[in-house]
Amino acid sequence: MGVEAKKETLGFQTEARQLLHLMIHSLYSNKEIFLRELISNASDAADKLRFAALAKPELLEDDPELKITVDFDPKKKTITISDNGIGMNREEIIENLGTIAKSGTAQFLESLTGDEKKDSRLIGQFGVGFYSAFIVADKVEVYSRKAGEPAGQGVKWESAGEADFNVESVDKSDRGTSIVLHLKKDEKEFAEGYRLRGIVRKYADHISIPVMMVKEEPGDKDKKADKKAPEYEAVNTAQALWIRPRTELKDEEYKEFYKHISHDFGDPLDWSHNKVEGKLEYTSLLYLPARAPFDMWNRDAARGLKLYVQRVFIMDDAEQFLPLYLRFIKGVVDSNDISLNVSREILQKDPAVDSMKSALTKRVLDMLAKLKKKDKDAYQKFWNEFGQILKEGPAEDYANREKIAKLLLFATTHTETSLQDQSLEDYVSRMKDGQDKIYYIAAESYNTARNSPHLEVFRKKGIEVLLLSDRVDEWFVSHLMEFDGKSFQDVTRGELDLGKLDSEEEKKQHEEIDKQAEPLLKRLKDSLGDAVSEVRTTHRLTDSPACLSIAEHDMGAQMRKIMEAAGQKMPEFKPIFEINPAHPLVAKLDAEANEARFNDLAAILFDQASLAEGGQLDDPGSYIRRLNKLLLDLSGQ
Ligand code: ADP
Ligand code: MG
């Protein structure tokens, strides 16, 4: 044998080492999950082999029945989990068990707090995987031989779960992977038949291939080991879970299956399991996770469903079956119409996939609508985790705009908190007589929105306004356009027109006041010059002297900031300066004969209006100087 035969010691990748350490120290309260993770990997390996064997049947050798075996030895304190799946060669074993390939691992590790309780929850988002073996073992040996390679190409991996691991070439006659756990002293009770069976049934019943264990006859324990070969039996149901009828499945089984396919540690919020018959035949099982994965915002993060064709696993992350704005959904789709040797490229062009995509989209939206109705708290959890992603929906999926709109939740002036918990239906039910628009304000933060001067008249008249402060909001509302026949109106945009909400009398009054203010408006425009596009009066203010507004078709401040942050050069923007003619400061301004003082006061009011908008001053130094001068004037010095 060549150089490869030699034993080499390699260090774990830094991230792998950190994760290992964390795992060992934070998952002690839920130790038995190691078996779930290892059986889950064995089942994945069987799936991969079955798929590879579609093109190369000889990979199955003379051993076509895929299965997993769990053995144990109480004397030696070992548990051995074996599979006859795809196996790994030397490079693969180093790559797969020595590093963590997941993108964003470094960020994930940075997000850890050092608080074990919190971190153990976080680690669930990450998916614990193979390293969970070290929760119960102080030494792990992995023997593997890749399908299709000769017995001499086996490889042994061994580690005590500290800084490094050894790899050496070995002979392995049977294909697949065998993992030997040398249990820690305190964990030796795991090497016991009854206990192991219980864990397998609890966590791996849904695995579609048999998990075999030695048959235990009553009284076996007392017998001296007899010579005949032990008899094995399947401990699990060994049937693809999604094929079984809904009525037969318990919630617990659905939950465990979710953990297997999602690599999530926690329970899902909800799921939808459906069998479709007719022109297209497929089964889908879609899960709504309770928490966003750590790499949700990572563009190349895995998304999509697990695709099976007639029970045969075809691929992970088949993203063609759901739109991007539902990328948080996990699940399985098993089709009878797609060809077994399908590729991602073919999927993209297959019209059957398109119709499945629209049907599955509808399923998800229906599942969300149902959850919203039946369990407010659960829905709120969903919204807090994934609401921002769902907001991409109206832009991406015009046809389902109305359905998506019904799922949205907002913070509004109706409540006192920043929690987004009011639906558009709630809003519409509270609309005033004569109100025909849904009013909103979009700002950098909840507090900026909530305290904006633009809301003053709405508050006075008791009209509710949606308070939008997510980055995507301005863009998203522009795609939403209307709800229940009512259009959305940005309260900072254009001239305030409350339509029927203003009485004739009020309108007349306003006209008169506006007329009187004309000379002041001219003086202000001359004073502020190019900083503003227009100066006009407004009746949207009650407490504030002035505010800024934008023209009907100008881009809003939030959008502009996003574009600028993305490096886009934006045309120079000039706001409209609106003054409240009823405000004493404005009256004072009007009465100010000293031109210099008039200019100072005008500049201060303008800068303040900009600050209230969450804007940044062009020249904060001058603002402060002017303001201080004014304060000194006031105190009579
Ligand atoms: P994950 O299952 O999320 O990919 P794991 O840490 O559980 O992460 O496993 C890491 C990788 O090691 C797997 O993706 C797989 O490539 C490989 N692996 C683990 N167990 C086996 C096995 N029994 N047979 C073949 N490959 C395996
Ligand atoms: Mg795994």
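Residues are classed as buried under 20% relative accessible area, exposed over 50%, and partly exposed in between (1.4 Å probe, protein chains only). The model is predicted: local features need pLDDT of at least 70 and side-chain atom pairs count only at pLDDT 80 or more, while totals for chains, interfaces and linings use all residues. Residues are numbered from 1 along each chain as its sequence is written, and side-chain values use heavy atoms, with hydrogens and water left out.

The structure holds 47 salt bridges, a salt bridge being a side-chain nitrogen of Lys or Arg within 4 Å of a carboxyl oxygen of Asp or Glu. Glu-189, partly exposed at 40% relative accessibility, forms a salt bridge with Arg-195, with the closest N and O atoms 3.3 Å apart. Arg-195 is itself partly exposed, at 27%. A salt bridge also joins Arg-195 to Glu-32, the closest N and O atoms being 3.6 Å apart. This pair links distant parts of the chain, 163 residues apart. Glu-32 counts as buried because its relative accessibility is 15%.

Another salt bridge, 3.0 Å from N to O, connects the side chains of Lys-461 and Glu-506. Lys-461 belongs to helix α16 (residues 456–461) and Glu-506 to helix α18 (residues 504–528), so parts 45 residues apart in sequence are tied together; helices are DSSP runs (H or I, at least four residues), numbered from the N terminus. Glu-506 is partly exposed, with a relative accessible area of 22%. Salt bridges that share partners also join Arg-36, Glu-37, Glu-256, Lys-259 and Asp-267 into one network.

Notes: Chains lettered and ligands numbered in written order. Helix = DSSP H or I, 4+ residues; strand = E, 2+ residues; numbered from the N terminus.
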